[in-house]
There are 2 protein chains.
Amino acid sequence: MQHQTTFVTAAHILAIQPMSNPSTPDSVGIIAPSKVTFDDALALDCDRTLNGFELVYESYGELNAERSNAVLICHALSGDHHAAGYHDAADTKPGWWDSCIGPGKVIDTRKFFVVCPNNLGGCHGSTGPLSTDPATGQRFGPDFPIVTVSDWVRAQAALADHLQIDAWAAVIGGSLGGMNAMQWAIELPARVRHCIMVAVAPRLSTQNIAFNEVSRQANRSDPDFHEGRYFEHDLVPRRGLMLARMLGHITYLSEDSMRQKFGRELREGKLTFDFDVNFQVESYLHHQGTAFVDRFDANSYLLMTKLLDYFDPASEYGGDLVSAYKRIKARNLVISFSTDWRFNTARSREVVQAMVRAGVDVSFAEINTEFGHDSFLMPVPEYLKVFGAYMKGIST
Amino acid sequence: MQHQTTFVTAAHILAIQPMSNPSTPDSVGIIAPSKVTFDDALALDCDRTLNGFELVYESYGELNAERSNAVLICHALSGDHHAAGYHDAADTKPGWWDSCIGPGKVIDTRKFFVVCPNNLGGCHGSTGPLSTDPATGQRFGPDFPIVTVSDWVRAQAALADHLQIDAWAAVIGGSLGGMNAMQWAIELPARVRHCIMVAVAPRLSTQNIAFNEVSRQANRSDPDFHEGRYFEHDLVPRRGLMLARMLGHITYLSEDSMRQKFGRELREGKLTFDFDVNFQVESYLHHQGTAFVDRFDANSYLLMTKLLDYFDPASEYGGDLVSAYKRIKARNLVISFSTDWRFNTARSREVVQAMVRAGVDVSFAEINTEFGHDSFLMPVPEYLKVFGAYMKGIST
């Protein structure tokens, strides 16, 4: 039984990469997001149309004269455009992939021009449920269309056009972001030279869908949800969103890392025979759930889980993943983590094997790590080594 | 991808044991529960006292003249005293362990006198949150004490005394019921000749506790919960209890069995781009959740999950499981299932290895099955064979 009380990652991991700050040489520093407005209508997979849309994005590094060093970063379910750096000098928390993006880091901003947009349907500045529907003058809320990963690719392609980037040196993502990268390589093969997919699956498993549905049900059954019109009542479905996030975190961590972090350690040192928090792990989940409520919109959350459920690139090709992958021109890297039980290594092997059968160039590494699905966000040395070596080999 | 629409277990399993009915020779037939009132005070681990209590139980078979053929069945989290047979001729659903209990079955009622009580804190007739507190004349509700597995053993021992059963030929249970059996063997070693633990763990893992806390939070954050006094408002926290049960079912099934049962099959045959049920697995979870609300009490559910979290027989022995097991006089059988990820085989091996080190007689089998944790309720041929052979070897 372990007796650690901190929620941080293992000390040896932190030791190899101390937290940067805006002025450390390996940080992209203080970053201001940009916003682009697209006036053209965007036809969506659900047969509805967005009459124009906005994408907020951040970029790090400089686009070279040949416009050949651009890299697209795709965020995961609860991510956003703030992938690296800080928003101001007082900011204590860097972007979500700061461990991988910066001068001299795996995605080296001295070499690459790195672009990370917030996706359609998100809640951090791009067009989504929080935006105003120009047709009604009202907030979209629950009426925002259920977008797909293909819709994301189309919107991101519009951003590439805007930035005059014909082809990405690499499209990169972890988890849902990796699926987004995969869809790019299939749908717009001429525009992706390298595709890097970390902790992915070719589609969700039945169990993945089941967990998503419990999360959705938690939100939708919260009386404050009001069929998604909570904002009209000046309410937020806090309980549902908190439950969804607590559940999510169980699937992001490995059983081992939970045990090592929290064991069966008691908050008060003894059983209290009441329904308050007894075990440290309960306290951790409450903390994660509460923090999430303040930074995420419930309608966006529902959209993201549905988009995950719907992701299935093989479905357009008679259920045959190999046929889908035959379209790919990119060179590919797939990375999985030994303790990831959300999208385990067997799921990555499905991707790799189908790519091999499709005659597509693919490299694969399974990284031994204790951190479960969340490993993709962490500076695990072996992971950074494999990922970094691949990135070094990309010509610009 | 599978395309089955039924929620039943695999056909080959059902084929080997067609559903009995009250008049088939291998059924215990129509059964009426009994109730015993215990007037003596029961001191609980939480330092509170129950001033008397009632236990409802069922029994099958006949107690022999030597009173040496009695078997105690311990139910799991959502189980009750109705382990076998039917309550009336029109009853279409037998007791929860009818696959194992009956004339000629694994727990052969021609040989054994089988006793199954509903446990303290339950909601099917024994003293629990639905009962009236004699001290106040009001329903216990959320004020019912948090009982422990040890408290259950004490109450069950009072039932054994009442039935004049000095020692059980066997104490048997699956999941939480197996933990209950384990606690009997440790605490009252002279009264247990054989202890059979199916799909158990020596205590919950951090992940197990985390799932339990999400379930509790779902109930406690339901506005209809009213701090457990929902009955005073003529309400039931339906949403919370449904969510808890949906989540529970994900952990009871294996990822494989979910995939084989439901795959990614769509309810309407196509994506509907809305938040209604799209995939069959969502429909299954809704069904399970809704059905549970009608047969279980939320305060009882909270108690049961807390009791599971608290279960840790080693804790009384300085955290040393071997020391705890050194008290055991019974012969033991431990059975695990290859696809059980709630209490996986490694957890059972912890039990077995500690028993071996304690010098206790223990047999162990891991059964290859696709059904996950729920396997303990199912007529899996290899399981019935191992379990049945052991039961045949018990002298009465």
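A residue is buried if 20 or more other C-beta atoms lie within 10 Å of its own, exposed if 12 or fewer, and partly exposed in between, with C-beta atoms placed from the backbone. This is a predicted model, in which local features need pLDDT of at least 70 and side-chain atom pairs count only at pLDDT 80 or more, while totals for chains, interfaces and linings use all residues. Residues are numbered from 1 along each chain as its sequence is written, and chains are lettered from A and ligands numbered from 1 in the order in which they are written.

Since five of the five residues of strand 6 (residues 113-117) of chain A are buried, the strand is largely enclosed by the rest of the structure. Strands (E, at least two residues) and helices (H or I, at least four) are DSSP runs, numbered from the N terminus. Two strands pair if DSSP finds at least two bridges between them.

| Partner of strand 6 of chain A | Bridges | Direction |
|---|---|---|
| strand 2 (residues 49-60) of chain A | four bridges | antiparallel |
| strand 3 (residues 70-74) of chain A | three bridges | parallel |

S59(A) stands opposite V115(A), and V71(A) stands opposite V114(A).

Chain B puts 42 residues in contact with 42 residues of chain A; contact requires C-beta atoms, placed from the backbone, to lie within 7 Å. Helix 4 of chain B gives the largest share of the side that touches chain A, 11 residues.

Terms used:
Contact = placed C-beta atoms within 7 Å.
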